[in-house]
There are 2 protein chains.
Amino acid sequence: AIFAAIQAALNKGPLRGRHAIVTSGPTHEPIDPVRFIANRSSGKQGHAIASALAALGARVTLISGPVSLPDPPGLTTIHVETAREMQSAVQAALPADIAVCAAAVGDWRTATEAGQKIKKGGGAPPSLALAENPDILAGISAPGPQRPRLVVGFAAETEKLEEHAATKRARKGCDWLVANNVGGTGIMGGNENEVLLLTETDSAHWD
Amino acid sequence: AIFAAIQAALNKGPLRGRHAIVTSGPTHEPIDPVRFIANRSSGKQGHAIASALAALGARVTLISGPVSLPDPPGLTTIHVETAREMQSAVQAALPADIAVCAAAVGDWRTATEAGQKIKKGGGAPPSLALAENPDILAGISAPGPQRPRLVVGFAAETEKLEEHAATKRARKGCDWLVANNVGGTGIMGGNENEVLLLTETDSAHWD
């Protein structure tokens, strides 16, 4: 930690003078004041990437959903809860040379958030109507004056890793896509991953 | 921590020879392999109660949902994720002299859990059908040969604290009910509470 902080201060790495935005962790989408929809993301991957970019000399803005991890030293961490808050924070952090979207952003939020706790009545359980969240990766990958030179997306898949990943990379418009196979047990939140890296022309596997 | 462990080992407190079951933390109800419904509970209250009962000499079984807290020393901690797992763990831990149900058990789970990650298609967002979870507090409060002598329930309310708490105590059949006002900001997950304690005949307020 001290080493990383000193190195970032000296600003000597190959990414010196570059600004990198990294999103990390889950998002929490409120149902009512006490309940929410979440996803399984510890933030370990995104936080590690942010620290690595800082160690390489980049100025790093880490935009993190709710995690149990400490803020990494040597970079700026912004805390958000929902997908919409994360999108606003990403836009406020632009321009950037590199964007790494490692957060597990919730695809959906509840269509309406209840202002008071929903009571368990005697009747049938409620049904939750959902609305689509903004697509942060597609938004930052879209052509425009503020598009970072390198945009890296992540995918968590439980089946058909290559097929889903290639489709996702093309649809989102990002340069690289890192696909994690989360089909096994204990991977999300754990420390090991099965990973596929896709670029426009190449693919590489790691175990 | 060392003090509590020594004290529990010496077994000298007023609750010596008693068995206490304490539930703590949230439950996570899976939607699919990567998404779940959760509630805002840090487990701080339940874990603190479990440690206090152990310090008073009780043999404590702490049944905890997913929390970021370490297992307290001097007692047995059982880790669960869903409401149904918590109910099974409570039943397996019986008989007990005292049961403190401090966990924020999810009232509902999804009616069906998807085996694979639900994909975001081009169409309308899905709607989540919910099913009611088992009522752990009402179950353990019901008359029977294994009912603990003292059953303490908790309520998190955002409005009409006294009215909702009194109704809940009578409906659940527990001896004491501790009602937390979570209507303000930063209380769930925070370190301070506005609390109302209700027994069959009395009520007391703390701020």
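Visitor: What conventions apply to the model and its numbering?

Guide: The model is predicted, so local features need pLDDT of at least 70 and side-chain atom pairs count only at pLDDT 80 or more, while totals for chains, interfaces and linings use all residues. Residues are numbered from 1 along each chain as its sequence is written, chains are lettered from A and ligands numbered from 1 in the order in which they are written, and side-chain values use heavy atoms, with hydrogens and water left out.

Visitor: How many residues of chain A are in contact with chain B, and what makes a contact?

Guide: Contact means heavy atoms within 4.5 Å. By that criterion, 37 residues of chain A are in contact with 37 residues of chain B. The area buried between the two chains is about 3600 Å²; buried area is the accessible area (1.4 Å probe) that two parts lose on being put together, summed over both. Carbon and sulfur atoms give 51% of the area buried between chain A and chain B. Arg40(A), Trp108(A) and Lys120(A) supply 21% of what chain A buries against chain B, more than any other three residues.

Visitor: Why is the pair Glu81(A) and Arg40(B) called a salt bridge?

Guide: The term requires a side-chain nitrogen of Lys or Arg within 4 Å of a carboxyl oxygen of Asp or Glu. The side chains of Glu81(A) and Arg40(B) meet at 2.9 Å, N to O, so the pair qualifies under this rule. Across the interface of chain A and chain B the rule finds 4 salt bridges.

Visitor: Which elements of chain A each supply at least two residues of the side that touches chain B?

Guide: They are strand E3 (35-39), strand E8 (127-132), strand E9 (150-157) and helix H5 (161-172) of chain A. Helices (H or I, at least four residues) and strands (E, at least two) are DSSP runs, numbered from the N terminus. E8(A) gives the largest share of that side of chain A, 6 residues. By class, the side of chain A that touches chain B has 18 nonpolar, 7 polar and 12 charged residues.

Visitor: How do you know that E3(A) and E3(B) pair, and in which sense?

Guide: Two strands pair if DSSP finds at least two bridges between them. E3(A) and strand E3 (residues 35-39) of chain B have 5 bridges in the antiparallel sense, so they meet the criterion. Within this pairing, Ile37(B) is the bridge partner of Ile37(A). The open sheet has 4 strands in the order E2(A)-E3(A)-E3(B)-E2(B), with antiparallel pairing.

Visitor: What makes E2(A) and E2(B) edge strands?

Guide: Strand E2 (29-30) of chain A and strand E2 (29-30) of chain B each pair on one side only. E2(B) is joined to E3(B) by 2 antiparallel bridges, and Glu29(B) has Ile37(B) as its bridge partner.

Visitor: Why is Ala50(B) called buried?

Guide: Buried means under 20% relative accessible area, exposed over 50%, and partly exposed in between (1.4 Å probe, protein chains only). Ala50(B) has 0% relative accessibility, and therefore counts as buried. Ala50(B) is found in helix H2 (residues 44-55) of chain B. Not counting residues up to four places away in sequence, Ala50(B) touches Val22(B), Val60(B), Leu62(B) and Leu75(B). The C-alpha atoms of Ala50(B) and Val22(B) are separated by 6.0 Å, although the residues are 28 apart along the chain.

Visitor: Why is E1(B) described as largely enclosed by the rest of the structure?

Guide: 6 of the 6 residues of E1(B) are buried, which means that the strand is largely enclosed. His19(B), Ile21(B) and Thr23(B) are buried on one side, and Ala20(B), Val22(B) and Ser24(B) on the other. In a regular strand the side chains alternate between the two faces of the sheet.

Visitor: What joins E1(B) to E4(B) and to E6(B)?

Guide: E1(B) runs parallel to strand E4 (residues 59-64) of chain B, joined by 6 bridges, and Ser24(B) has Ser64(B) as its bridge partner there. With strand E6 (residues 98-101) of chain B, E1(B) pairs in the parallel sense over 4 bridges; Thr23(B) stands opposite Cys101(B).

Methods. Nonpolar A, V, L, I, M, F, W, Y, C, P; charged D, E, K, R; others polar.
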